[in-house]
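Subject: Structure handover

Hello,

Here is the structure for you to open. My notes on it follow below.

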Amino acid sequence: MQLVGIARSAHAAPVLEAKRRVHYRQLATGRWINRVEGGRHSFGWSINPYRGCEMACQYCYARYTHEFMELEGGEDFETLIFAKQWNAREFRRELERVPMEEAIAIGTATDPYQHAERRYELTRRMLEVFATVSGRRIWITTKSDLVVRDLRVLQRVARRNVVSVNLTVTTLDVELARGLEPKAPRSDLRLAAVAALTGAGIQCGVIASPVMPGLNDREEDLKGLAVGARAAGALWFGGGVLFLKSPTREVFQQYLEREAPWLAGRYERAYREQARLPRAYQERVEGIFERLRAFAGLSRKAAPYRPPDWEAGRQMVLGL
Ligand code: SF4
């Protein structure tokens with residue numbers, strides 16, 4: 001088969017490092033900051049410094065992105081990780097083209113603080129660039145307490161830009177989390193990261209996505225999470241229902257057959273024809289979040305605020 005585009009780049013990518021199970025490769029990238037199509041999101045641009053993710057969440061919707069590279073979304077997605085080749089000049093150039101009023105989200109597909117970030121520091125390098133500009137609105141979504149490593153640089157970014165961090169926490173049940181998110185940091189560590197960030201003045205929320213019927217959708221369990229989020233200093237709390245399409249559907253189905261076989265048939269029927277559950281279930285979940293926000297004193301989303309050194313221009317700091 002003749003490979004083209006990103007598939008050709010991926011197969012020709014030089015190996016950066018090979019661990020026992022995981023291989024890291026360097027991907028030459030044409031673009032760092034991508035326009036988000038569809039207008040469904042509160043951000044207009046996205047950044048994903050890595051392709052694939054070692055955290056191996058069984059429900060990870062981004063698995064299909066490995067198929068663009070003629071790789072498979074199961075094992076390959078978790079073990080063949082691509083780190084984009086850093087180019088500060090190109091990143092700055094792309095950033096200058098993003099309209100000031102449009103928000104930029106880091107980590108919309110794969111986690112920007114996944115294990116590879118410890119080695120390659122791509123997210124940190126981007127934040128160092130953001131620390132030199134002002135007037136930007138930046139969202140970061142992660143499941144890793146590694147974000148706390150960048151606390152100082154986040155503080156610098158947040159003096160001149162609006163920074164909001166989402167920590168994803170799906171459950172406080174240790175066993176359930178271990179099966180669903182085998183290589184992700186424990187939920188208590190993620191909440192501790194929220195506490196560290198909010199304590200340092202970075203606004204954070206907790207997102208309990210995805211909500212999965214029969215697994216983590218009990219109101220009592222989500223209530224414990226809302227209370228934990230509030231105690232950690234989170235400002236907002238919410239979540240969305242599991243979105244499931246191939247190849248994630250097959251990976252998740254195998255997980256269910258292994259860990260929760262009594263649910264396997266129900267999921268198979270519910271997601272056989274569509275990637276989303278019926279509206280009625282989604283509304284029920286939204287109702288639960290409404291009640292829990294009211295109970296715990298949390299918001300639905302981040303409140304707008306003006307950073308101390310906000311300048312609605314696109315100035316770079318001289319010398320940086
Ligand atoms: S941390 Fe996010 S990107 Fe990584 S496997 Fe889990 S859901 Fe996917």
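A residue counts as buried under 20% relative accessible area, as exposed over 50%, and as partly exposed in between, computed with a 1.4 Å probe on protein chains only. The model is predicted: local features need pLDDT of at least 70 and side-chain atom pairs count only at pLDDT 80 or more, while totals for chains, interfaces and linings use all residues. Residues are numbered from 1 along each chain as its sequence is written, and side-chain values use heavy atoms, with hydrogens and water left out.

Salt bridges

A salt bridge here is a side-chain nitrogen of Lys or Arg within 4 Å of a carboxyl oxygen of Asp or Glu. By this rule there are 22 salt bridges. Helices (DSSP runs of H or I, at least four residues) and strands (runs of E, at least two) are numbered from the N terminus.

Start with Arg 178 and Glu 175, whose side chains form a salt bridge at 2.8 Å, N to O. Both residues belong to helix α7 (residues 174-180) and sit three residues apart, about one turn of the helix. Arg 178 is partly exposed at 48% relative accessible area, and Glu 175 is exposed at 54%.

Another salt bridge joins Glu 75 to Arg 21, at 3.8 Å from N to O. This pair links distant parts of the chain, 54 residues apart: Glu 75 is in helix α2 (residues 75-79), and Arg 21 is in the loop between β1 (15-18) and β2 (23-27). Glu 75 is partly exposed, at 43%, and Arg 21 is partly exposed too, at 37%.

How far is it from N to O in the salt bridge of Asp 150 and Arg 124? The distance is 2.6 Å. Here, too, distant parts of the chain are linked, 26 residues apart: Asp 150 lies in the loop between β8 (137-142) and α6 (151-160), Arg 124 in helix α5 (residues 122-130). Asp 150 is buried, with a relative accessible area of 0%, whereas Arg 124 is partly exposed at 26%. Both residues belong to a network of salt bridges that also links Glu 117, Glu 121 and Arg 149.

The ligand

Which residues surround the ligand? They are Cys 53, Met 55, Ala 56, Cys 57, Cys 60, Ala 109, Thr 110, Asp 111 and Lys 143, where a residue is near a molecule if one of its heavy atoms lies within 4 Å of it. By class, this shell has six nonpolar residues (Ala, Val, Leu, Ile, Met, Phe, Trp, Tyr, Cys and Pro count as such), two charged (Asp, Glu, Lys and Arg) and one polar (the others, Gly among them).

Regards
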